[in-house]
Amino acid sequence: MALLFARGASAATITVNAGGSLQAAIDAAQPGDTILVDPNGVFDGPIKLRAKSGTADITIRSAAATSSLPAAGQRMDPSYAKFLPKIRATNAGPAIKTDAGAAHYVLMFLEFLPASSTASANLVEFGAAGTSQSNLSAVPQHFVMDRCYVHGDAGFGHRRGVALNSGDTKVINSYFKDFKGVTQDTQAIMGWNGPGPFLIENNYLEAAGENILFGGSDPNIPNLIPSDIVIRRNLISKPTAWMTQTWTVKNLVEFKNAQRVTVEGNTIENNWAAGQQGYAILFTPRNQSGTAPWTIVRDVTVQHNVVRHVAAVFNICGYDNLATSEQTQNIDIRNNLIYDVSTAWVKPGQTANGRLAVIGGGPKNVAFDHNTVDSTGSSTIFIYGGFSRTGTSIAGFEVTNNLLRDNAYGINGDKAGEGTAGLKAFTPNAIVLKNAFAGGAAKSYPTGNDFPTLAVWLADFVNPGAGDYHLEATSLSKNFGTDGKDLGVDFVALNAALNGSAPTPPPPPPPPPPPPPPPPPPPPAPGGTTPYLGTPVALPGTVQFENYDIGGNDVAYHDTTAGNSGGVYRSNNVDIQATTDSGGGYNLGWVKATEWVKYSVTVAAAGTYAVDVRVASNGAGGTFHLEVDGANATGPITVPTTGGWQVWKTITKTGVALSAGPHVVRVVMDANGATGSIANFNWFAIR
């Protein structure tokens with residue numbers, strides 16, 4: 001081992017030759033140092049990353065010339081193995097592990113592999129799983145694995161590539177292969193006792209059990225939930241040759257305890273019914289050993305992915321049916337291209353369901369928007385009761401702007417029936433709007449959807465047999481969405497996410513021609529919004545504040561904070577909570593100045609009306625007003641003190657003139673009151 005100083009005593013370059021001690025180099029290194037490891041060297045673990053004082057990274061990398069290795073942002077592959085030093089897991093422990101409090105290490109251009117079939121279960125351990133890591137202060141932090149080759153043995157496999165039980169860790173541009181076993185779960189990456197954040201980006205990830213798994217073993221740190229997880233631009237796959245082999249095959253991506261997750265720009269492929277049903281992505285909370293009742297899966301966005309060649313896609317379960325858990329919630333599935341979901345993806349003797357989603361146990365706030373799905377299962381979305389701590393209904397279920405096959409049953413409620421019957425049984429107040437159900441029957445579904453024949457639906461795509469699901473220019477699904485966009489996938493956004501680049505904005509449209517002479521232009525249209533329940537609210541009548549139009553932020557509403565603070569009913573940024581007002585239901589809460597919500601209405605007859613607004617405030621409230629078609633119709637309305645946030649009072653504004661016909665009512669929040677808010681709002685009525 002030679003010690004060379006690259007830029008002064010504070011930042012050394014340490015060279016480790018074949019036969020030298022990598023551990024001694026790590027022990028000697030100081031923050032900012034680089035350890036260059038002979039690519040011909042083989043080093044047996046467990047090699048420990050030590051705790052050091054300081055925040056500069058210690059980099060451990062191959063001594064091979066950078067020009068012979070993958071460039072920054074380029075994915076590693078096995079062809080570079082001759083340039084990579086080999087670090088092996090042994091019976092004594094993993095190839096690499098971390099001491100408590102270790103931090104700020106970068107691993108680059110290294111190969112990790114098992115020394116034998118009985119080597120340690122994990123090739124690399126960031127953090128620990130046992131009692132040595134039972135509080136957050138012991139969690140190692142700040143690791144990067146970049147352009148590494150991590151693999152089991154081709155003949156006997158290996159259990160796991162990386163145990164991700166750390167904080168602030170990135171696994172990027174790497175290649176994971178041959179994580180497989182017989183009668184045991186195997187993973188490329190699994191995390192359960194680290195807080196995050198985690199970035200898993202631009203890797204090839206191959207495993208028989210679950211390619212990526214969060215949860216699945218109870219954390220030793222009380223109340224820990226792996227959090228702030230980004231899984232981006234990976235190829236997540238299983239070799240189809242495994243279909244004729246004995247490896248235990250289960251799923252591709254699974255969340256058993258996780259929150260604030262983004263799955264974006266990945267290709268997720270090749271899974272079949274074998275050891276389990278062959279799902280691509282599962283949201284299934286599991287308090288594995290009964291010691292983690294806080295287990296939850298929540299706030300997950302799955303967007304801009306390609307999912308293909310699988311037996312089934314999503315399994316969404318509301319609660320752990322074996323032990324106490326919290327409720328699965330806020331699952332947002334949008335702009336994914338999903339095809340070749342087939343009952344044919346199956347190992348002999350097994351059965352595949354070929355469904356887009358199986359949902360049970362009463363999760364809340366589950367949304368499917370702008371997905372293109374070509375599947376062969378008897379139903380596309382199957383909803384069942386199952387075990388639940390809060391009831392089997394799904395509060396906040398939305399299916400909008402999708403291209404789906406109905407096949408035999410489309411959206412099917414277990415023992416309740418297809419379409420509206422199943423939705424009423426399991427998804428009260430569901431929004432199912434502006435979808436094209438190929439081969440479905442309009443009489444079975446809520447209004448506002450399209451039902452082409454399967455032949456017409458398939459003919460709308462450029463070349464579905466080759467996986468090209470761009471819409472033909474003549475498709476009736478173009479510009480049909482609630483947002484005025486094409487149904488199904490936005491391919492500009494999808495390709496940008498797959499390629500890691502921002503989409504190029506389209507050129508501005510040409511200016512419209514000058515308006516013709518009389519007749520005068522029609523009254524304003526709803527401005528890109530769609531009524532929440534499919535049809536405008538009839539007035540005189542009552543409008544529930546939580547039923548604002550569909551159309552997104554700054555189209556149907558404007559909210560100044562991200563997310564739904566109340567976590568109920570709807571899954572966008574408007575803050576909604578359950579109300580104790582008479583009649584129950586929901587109210588808008590946490591309402592601030594400059595926010596607004598829109599409602600599409602129809603007035604039966606012209607006249608002068610009174611407006612009643614149901615409000616609650618724990619102190620002097622703020623002011624708001626109602627606009628009709630962009631014009632202020634009420635002037636400022638002041639909210640009085642009602643005595644509490646759930647103590648309700650009706651306030652009235654008279655003399656509001658309305659013409660007959662369709663209108664858009666916008667409720668605009670003007671100024672906060674003494675509480676720092678305007679008020680809570682339950683409903684308004686026109687009489």
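User: Where is P46 found?
Analyst: P46 is found in the loop between strand 4 (42–44) and strand 5 (47–49); helices (H or I, at least four residues) and strands (E, at least two) are DSSP runs, numbered from the N terminus. This is a predicted model, in which local features need pLDDT of at least 70, side-chain atom pairs count only at pLDDT 80 or more, and totals for chains, interfaces and linings use all residues. Residues are numbered from 1 along each chain as its sequence is written, and side-chain values use heavy atoms, with hydrogens and water left out.

User: What kind of peptide bond joins G45 and P46?
Analyst: The bond between G45 and P46 is a cis peptide bond, with omega at about 5 degrees. The peptide bond from G196 to P197 is also cis, with omega near 5 degrees, and P197 has its place in the loop between strand 17 (187–191) and strand 18 (198–201).

User: Stepping back, how many helices and strands does the protein chain have?
Analyst: The secondary structure of the protein chain comes to 4 helices and 56 strands. Among the contacts with a separation of 6 or more, 76% are between residues 24 or more positions apart, where contact means heavy atoms within 4.5 Å.

User: And what is the radius of gyration of the protein chain?
Analyst: The protein chain has a radius of gyration of 28 Å, which agrees with the value near 26 Å that a compact globule of 687 residues would have; the radius is taken over C-alpha atoms, and the globule rule is 2.2 Å times the number of residues to the power 0.38. Along the principal axes, the C-alpha atoms fill a box of roughly 95 × 60 × 55 Å.

User: How much of the protein chain counts as buried?
Analyst: Of the 687 residues, 57% count as buried, a term that means under 20% relative accessible area, with exposed over 50% and partly exposed in between (1.4 Å probe, protein chains only).

User: Which residues are buried in helix 4?
Analyst: In helix 4 (residues 491–499), the buried residues are F491, A493, L494, A496 and A497. The buried residues of helix 4 pack against strand 24 (258–264), strand 28 (306–310), strand 31 (337–341) and strand 43 (468–471).

User: What caps the N-terminal end of helix 4, and what comes just after the helix?
Analyst: The N-terminal end is capped by D490, which has a side-chain oxygen 3.0 Å from the backbone nitrogen of V492. Just after helix 4 comes G500, with a positive phi of about 70 degrees.

User: You mentioned strand 43, so where does D468 come in?
Analyst: D468 has its place in strand 43. The C-alpha atoms of D468 and L494 are separated by 13 Å, and the two residues are 26 residues apart along the chain. D468 counts as partly exposed because its relative accessible area is 25%.

User: What is D468 in contact with?
Analyst: Leaving aside neighbours within four places in sequence, D468 is in contact with F461, V462 and N463. The side chains of D468 and H470 are joined by a polar contact of 2.7 Å; such a contact is a pair of N or O atoms within 3.5 Å, where within protein one must be able to donate a hydrogen and the other to accept it, and residues adjacent in sequence count only if both atoms are side-chain atoms.

User: Is T530 buried or exposed?
Analyst: T530 is buried, because its relative accessible area is 9%, and its place is in the loop between helix 4 and strand 44 (537–539). A polar atom of the T530 side chain lies 3.4 Å from the backbone oxygen of T482.

User: Last topic, what is the phi of K434?
Analyst: Phi of K434 is near 55 degrees, a positive value in a residue other than glycine. K434 is found in the loop between strand 40 (431–433) and strand 41 (436–438), and counts as buried at 19% relative accessibility. D228 has a positive phi of about 55 degrees although it is not a glycine; D228 is found in strand 21 (residues 227–232) and counts as partly exposed at 34% relative accessibility.
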